[in-house]
Every structure is written in C-alpha cells, then in structure tokens.
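Open the model in your viewer and follow the stops below. Each one says what to select and what is there.

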Amino acid sequence: MKKTTKRRIKVIALIILVLILGALIFAGNYLMTFALARKDGSANNVSPASSLSEQDKSIIAANREVFKQQVESWRNETPSTLVSIQSDDGLKLSSEVFINPESNNWAITIHGYNGGRHYMDNVACQYYQHGYNILLPDLRANGDSEGKWKGMGYLDKDDIINWIEYLIEQYGDIKIVLHGISMGGATVMMASGEQLPSNVKGLVEDCGYTSVWDIFDDEIHYLYHLPAFPLMHVASGISKVRAGYSFGEASSLKAIAKNNLPVLFIHGDSDTFVHTEMIDKVYDACNSTKEKLIVTGAGHGESYLRDPDLYFDTTFNFLKKNCGM
C-alpha cells in the first residue's frame, strides 16, 4: 500500500513538472515571438506612457510638422535608387540611396524597432543638406528587407557591415558615419565591436539600449508584471534556437567596450522606454573619443524633435572635429 502511494505521488509530481515545463516553454515561445517576429501591419504598443509636459509635447509636435514638410520637399526634389544585397544567411536586404554630387561623405542612417527606412527620413534629410550621401536601409524583417525575426542590433550589425562593404565596392574611397536611433543605436554600438573597414570614421548612437536582455527585462516587468526568472531565460534559449541569438549575447555594452572610433552618445532625459541611465553605462564602457548629449524634455527617439538645432549642431560639429567629415 505504501509503495503504491509513493508511486502515485511520484507520477503526480512528474505530471506537474511536465505541465510546468510545458507552460514555461509555451510562454517563452510566446514572449520570443511577440518580441522578435516580423510585423508588417500594426505593431505592438510596447512603450510606457510618456512623462513629458504638455509644453514639451507641443514643441515636439510643431517640430515634427516642420520636418515633415522638409522631407516632402527633399524627396520630391531628390532622386533616389533602391538597391539590394544578400545577407550572410541568404536574405535579400534593401536600402535606398541618395547621391550628393561631389561628396565622398556617407551617412548610413539606421532605424529602430518596428520601424523601416522612412523612420529615419528626418535625420537623413539633415545629413543630405550638409553634403552627405545617404544609405537608408530597411533592417531585416522590416520594410522591403526579408527576414522572419528582428535582429535587435545583433544580427543587424553584420548586415550593416555588408552594406558598408557594398558602398566601398561601389563608390571607392569614401568616409562613412553610422547614425542609429533606438534599435538602430544598439546596432551601431554592436557593429562598433567588430572589425570595421577604415572608411568608417565615426558613430552617432541615439537612445540605444545596453543589451537585448536588459530592454526585454524592463518590458516583461512593464507589460506583464513578471520577474525575469525563469521566463526570460526560457525565451532567450528559444531565441537562440529559432532566431540565432540569445538575449544576453546581444550586448551593446560589451561591443562598445571594444570600439576604437569616435562616438557621440545622445539620449532624451525623459525616455521611459530605453531608460536614460543606459547612456551612462555605454558611455562609461566606451574607451575611444566620445561625447555625450542629454536633451532636456525629450522622450524616446525624440531628442532631435525636441531641440533640432542643438541635436544637429552637436552632431555635425562632432563629426567635423573628430572624424574629418
């Protein structure tokens, strides 16, 4: 009788364990798919509510309208070409190219999460007006580029290196700056830890996160009010199998510590998505020539909208002084 009871207890315990593991795998797969799967329609709203004052919101809205008109004129008056390359894992990647005659300066402007190349139109337009040629890429799983899973900067860094090599092959002795916002900023930092061609002269990273683990850890607390353990660990393992990278290895912090190029770090002081303190961590980890710009009254990705003169004057002065561009 006792043996039968013990056997039943063991069976029940095993069933409970299997159910728990199954639930964790299901939830981890859901989280990974929610975060990384391509979304060509309406994107998930994963941003916390803004903490900006009504005055800051009004200034940003007014500047956004000014940029909209500038970009419409720029696109109407400036021819562009759609180009494509193949990623290391066989995806067709697309970009838009704007040529500025008589210039060998290039800006690769890199969009953020759930974005596309048009999200960087405002920034690209400013570079073009300052005499730069422009490469506007759609990152993998965004826009016209193929891909099932977002690279979160980690896979994108290799794609950007391929774009750099494409530009050098097509245009020869050129100078390149990488300018990314949000996930684009993380892409810039993760690329900086690789062996970049000498044509890359400088980096501008705006509100990039320290690592995919850190930003998803914040999100799981915000969206689901859950601790990181054990769900994040399971989701990270599933991501390694399905998307090709774990959340922990996709680290801007580790990459920027290996960088030797000049970097301008930018962040809004009211960023509730990629918290402003992240800039201090990546800035401190960087051992190359560097500057930091914190824009007052700016939320996530809104620094250039809150104070465009400060943002772009700082950017182009930095590139002129430190990068010869």
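**Pockets, then the sheet**

The second largest pocket has a volume of about 160 Å³. This is a predicted model: local features need pLDDT of at least 70, side-chain atom pairs count only at pLDDT 80 or more, and totals for chains, interfaces and linings use all residues. Residues are numbered from 1 along each chain as its sequence is written, and side-chain values use heavy atoms, without hydrogens and water.

A pocket is an open set of points on a 1 Å grid over the protein atoms alone, where a 1.4 Å probe fits, with protein on both sides within 12 Å along at least five of seven lines; lining residues have an atom within 4 Å of a point. Volume is the space filled by probe spheres set on the points, which are joined across faces, edges and corners.

Select Asn-63, Phe-67, His-130 and Asp-313, which are among the residues lining this second pocket. Helix 2 and helix 11 (308-323) each supply at least two lining residues. Helices (H or I, at least four residues) and strands (E, at least two) are DSSP runs, numbered from the N terminus.

Next, go to the largest pocket, about 810 Å³ in volume. Of its 34 lining residues, the closest to its centre are Ser-47, Tyr-113, Tyr-119, His-300 and Gly-301. Helix 2 gives the most to this lining, with three residues.

Eight of them form an open sheet with mixed pairing, in the order 1-2-4-3-5-6-7-8. Two strands pair if DSSP finds at least two bridges between them. Strand 1 (81-86) and strand 8 (290-295) stand at the edges, each with a single partner strand, so one side of each has no neighbour in the sheet.
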